[in-house]
Amino acid sequence: MASATLLRLSLPPFAATVCLPPHQHRRRLLPRPLTPNSPNLFQTRSPPKPQRAGSPISASYGPTPATDRLISAAAYFLPLFNGLQYGRFLLAQYPTLAIPFDPILPILSLYRSVPFASFVSFFAIYLGIVRNQRFSHYARFNSLQALVLDILLVVPLLVQRIFAPGRAGIGLKITIWMYNGLFVFVVGCFLYGLLASVFGKTPYFPLVTDAAKHQM
């Protein structure tokens, strides 16, 4: 009995129609009446409309506008202005390195003459550009990266005040090495961010770019 049930289940569906009585077999061969829900065999489907050759398939992005590139390039001057203080030892030892900074000395003098210029510039960029949805994502993201770089420049000053390495001996040598390295880092980041912004590219700074992405 079990083998017969297994055999019946293993047979294909059309095999059950072969074993039907003659009157049931003839009844299954008769066409069923059409109902409102039945598919119409004579209904023709309209062919799909061909896509015009000029219709875009994917969105295309044009070059970065000049205004966004200018805003992004100007934002990287903030960490440069606040980071030039780390070049006091290197510029005193090699005065010729200060020659490339002569064109920005008037702007730097004006920046230093304003009280709390660093805080005012920081919140002006953050509230006026980064949190302003009217600006593009490119300008806002680069401005945020400049602010993150500016925040990182405060950390060495805090470390110096906490540990107080001193003004002579090994403590002074460590301070000079740290200042020289930070100065080269600041100038390198500024040149990289400035050139990338001029050409409409997004510069990538280790840790800084990731932190900016989380804040956006």
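**View 1. Surroundings of Asp-68 in the predicted model.** Asp-68 touches Ser-136, Tyr-138 and Ala-139, not counting residues up to four places away in sequence; contact means heavy atoms within 4.5 Å. Asp-68 is found in helix 4 (residues 66-75). Helices (H or I, at least four residues) and strands (E, at least two) are DSSP runs, numbered from the N terminus. Asp-68 is buried yet lacks a salt bridge, and Arg-69, the nearest side chain of opposite charge, is 7.9 Å away. Buried denotes under 20% relative accessible area, exposed over 50%, and partly exposed in between (1.4 Å probe, protein chains only). A salt bridge places a side-chain nitrogen of Lys or Arg within 4 Å of a carboxyl oxygen of Asp or Glu. Lys and Arg count as positive and Asp and Glu as negative, with His and the chain ends not counted. Residues are numbered from 1 along each chain as its sequence is written, and side-chain values use heavy atoms, with hydrogens and water left out. In this predicted model, local features need pLDDT of at least 70 and side-chain atom pairs count only at pLDDT 80 or more, while totals for chains, interfaces and linings use all residues.

**View 2. The largest nonpolar core.** This core has 36 residues, and Leu-80, Phe-101 and Phe-183 have the most contacts inside it. At least two core residues come from each of helix 4, helix 5 (77-83), helix 7 (105-113), helix 8 (117-130), helix 9, helix 11 (169-198) and helix 12 (208-215). A nonpolar core is a set of buried Ala, Val, Leu, Ile, Met, Phe, Trp, Tyr and Cys residues joined through side-chain atoms within 4.5 Å. Beyond residues up to four places away in sequence, Phe-183 touches Gly-83, Leu-84, Tyr-86, Gly-87, Leu-90, Leu-91 and Phe-101.

**View 3. A nonpolar patch on the surface.** Leu-152, Val-154, Val-155, Leu-158, Val-159, Ile-162 and Phe-163 form the patch, with about 670 Å² of accessible area together. Patches consist of residues with over 30% relative accessible area and no salt bridge; like charges are joined within 9 Å, nonpolar side chains (Val, Leu, Ile, Met, Phe, Trp, Tyr) within 5 Å. Accessible areas come from the Shrake-Rupley method with a 1.4 Å probe; for residues, only the protein chains shown count as cover. Helix 10 (residues 154-163) contributes the largest share, six residues. Leu-152 lies in helix 9 (residues 137-152) and is partly exposed, at 42% relative accessible area.

**View 4. Two loop residues with positive phi.** Phe-116, in the loop between helix 7 and helix 8, has a positive phi of about 55° although it is not a glycine. Leu-207, in the loop between helix 11 and helix 12, has a positive phi of about 70°. Phe-116 is exposed at 63% relative accessibility, and Leu-207 is exposed at 69%.
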